[in-house]
Structures are given as C-alpha cells and as structure tokens.
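Dear colleague,

Please find below the structure that I am handing over to you. I would be grateful if you could read the notes after it with the model open.

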Amino acid sequence: MKESESFYKKSLVPTLLCLVMSLITLSGCTTRTKIEYLYPPQAYTIPCERSEFSGTTYGDAVEHLIKVISERDLCASQIDSIREWQAQTKQGFK
C-alpha cells in the first residue's frame, strides 16, 4: 500500500505544477497591452531650409546672413514646439 501512496504523491506533484503553470500562462494572455506610438504634429516636422550662398559681394553676404538667421530661427522654433509638445504629452500620461 505504501508503494501506491508514494507513486500517487510523486505523480500528483508534477501534474499540479503543470496545471498551475498553464493557469499562469493563460491568465497572462487575457490582458493585452496596446502600444500606441505618438508622433509630434506634422507642422513641427517640416524640414528646415538651407539656403546656399551664391553671391559675390559683401552686400550679398549680408543679405544671405539675414536670410540664414531667419531660417535658423524658424528651425529653432520648430524644435522648441516639439519640446513643448513632448512636455504636454508626458503630463497627459501621468
């Protein structure tokens, strides 16, 4: 009789372990996490202009410098807007 009890206990433990592991696996499948990627507004991702200098005089150089400075300021404002958008988005997920 002791042999049958010992066999019963030995076969019961692996069976119970398999059952518990399958329940853990199945419970993990029921809760799915949806990943949603957020991208900045398209207006903030417009490529920045880069004007090439084609002048020959100092006056042309000054005009080009003014143009380049305005292009740089526009590009910097886009980056600032992306940073603001990121901060607002992070606040919305807290």
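This is a predicted model: local features need pLDDT of at least 70, side-chain atom pairs count only at pLDDT 80 or more; totals for chains, interfaces and linings use all residues.

Residues are numbered from 1 along each chain as its sequence is written, and side-chain values use heavy atoms, with hydrogens and water left out.

A salt bridge is taken as a side-chain nitrogen of Lys or Arg within 4 Å of a carboxyl oxygen of Asp or Glu. By this rule there are two salt bridges. Side chains of opposite charge can pair when their charged atoms come close.

Asp-73 is partly exposed at 39% relative accessible area, and Arg-72 is exposed at 53% (buried means under 20%, exposed over 50%, partly exposed in between, with a 1.4 Å probe and protein chains only).

Asp-80 and Arg-83 form a salt bridge with an N to O distance of 3.7 Å. These two residues, Asp-80 and Arg-83, lie three residues apart in helix H2, and are therefore about one helical turn from each other. Asp-80 is partly exposed at 38%, whereas Arg-83 is exposed at 54%.

Helix H2 (residues 58–92) also holds Thr-89; helices are DSSP runs of H or I with at least four residues, numbered from the N terminus. Thr-89 is buried, at 19% relative accessible area. The Thr-89 side chain lies 2.7 Å from the backbone oxygen of Trp-85.

With kind regards

Definitions and conventions: A polar contact is a pair of N or O atoms within 3.5 Å; within protein, one must be able to donate a hydrogen and the other to accept it, and residues adjacent in sequence count only if both atoms are side-chain atoms.
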